[in-house]
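Please look at the sequence and the model before reading on.

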Amino acid sequence: RPANIVIVAKSGGDFTAIGAALASITTNSATDRYLIYVAPGTYTETVTMKQYVDIEGAGELMTKITFGGSSSEFVGTVLGASNAEIRFLTVENTGGDLNATAVFNSSASPWLTHVTVTAFGGTNKNKGVSNVALSWPKLTDVNAGGIGGAESMGVQTVGSSATIANSTISASGGTSNIGLNNFGATGAHTVTVNNSMVAGSTSTVSNNTGFTTRVTGSQLS
């Protein structure tokens, strides 16, 4: 097997859990990058990404990472890291508490590519992708949805920026449904949406002071 590739699988792999595979990697750096390949199956766990370690599934219909909700909205099924990509899988948060957040980025700017992201089952907030504290993720071919609760959001940026391309961002089933919610913070931040669809019955895009949102070749529903 090529070096720096770790396989997670229900059987026959190096590990049966993604977290265990990540914990085994200790030399990751800009000059020593790793790939974790996650075979088909559903993996019930929280995953904290590491810099210079990509996570790749077998496809959005084949590989799923899932976990329950939290009393805090700043907890996700996947916690992002800069200089790392997660791709070709589904990330889900099933709620069962106040809040459900599928992907949470705090001072982190990961790449999400060909990822389905879904959050539901929280009584308060359900957020597909949540970005805080100067995060700047890049979403490409992402289907991100928040469903139900008092507030649902497909993507939320708080004091952060984002680049979104070829993606579907949606919010539905809640009392308030905002597709792309850019929430107040100090400083100036930019969200760019290209060739995508953003849907929300309350707002497709909600901008607070300090945000510039650029939308091209996209549908706001």
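A salt bridge is taken here as a side-chain nitrogen of Lys or Arg within 4 Å of a carboxyl oxygen of Asp or Glu. The model is predicted, with local features needing pLDDT of at least 70 and side-chain atom pairs counting only at pLDDT 80 or more, while totals for chains, interfaces and linings use all residues. Residues are numbered from 1 along each chain as its sequence is written, and side-chain values use heavy atoms, with hydrogens and water left out. Across the whole structure, the search finds 6 salt bridges.

**The network around Arg 87**

- Salt bridges link Asp 54, Glu 56, Glu 85 and Arg 87 in a network.
- Within this group, Arg 87 pairs with Asp 54 at 2.9 Å, N to O; because Asp 54 belongs to strand S5 (residues 53-57) and Arg 87 to strand S8 (residues 85-93), the contact ties together parts that are 33 residues apart in sequence (strands are DSSP runs of E, at least two residues, numbered from the N terminus).
- Arg 87 also meets Glu 56 in a salt bridge, again at 2.9 Å, N to O, and since Glu 56 lies in strand S5 and Arg 87 in strand S8, this pair ties together parts 31 residues apart in sequence.
- With 13% relative accessibility, Arg 87 counts as buried, a class that means under 20% relative accessible area, computed with a 1.4 Å probe on protein chains only.

**The Lys 127 and Glu 73 pair**

- Lys 127 and Glu 73 form a salt bridge whose closest N and O atoms are 2.7 Å apart.
- Lys 127 lies in strand S11 (residues 125-132) and Glu 73 in the loop between strand S6 (63-67) and strand S7 (78-79), so the pair ties together parts that are 54 residues apart in sequence.
- Both Lys 127 and Glu 73 are buried.

Conventions: Helix = DSSP H or I, 4+ residues; strand = E, 2+ residues; numbered from the N terminus. Buried < 20%, exposed > 50% of the residue type's maximum accessible area, 1.4 Å probe, protein only.
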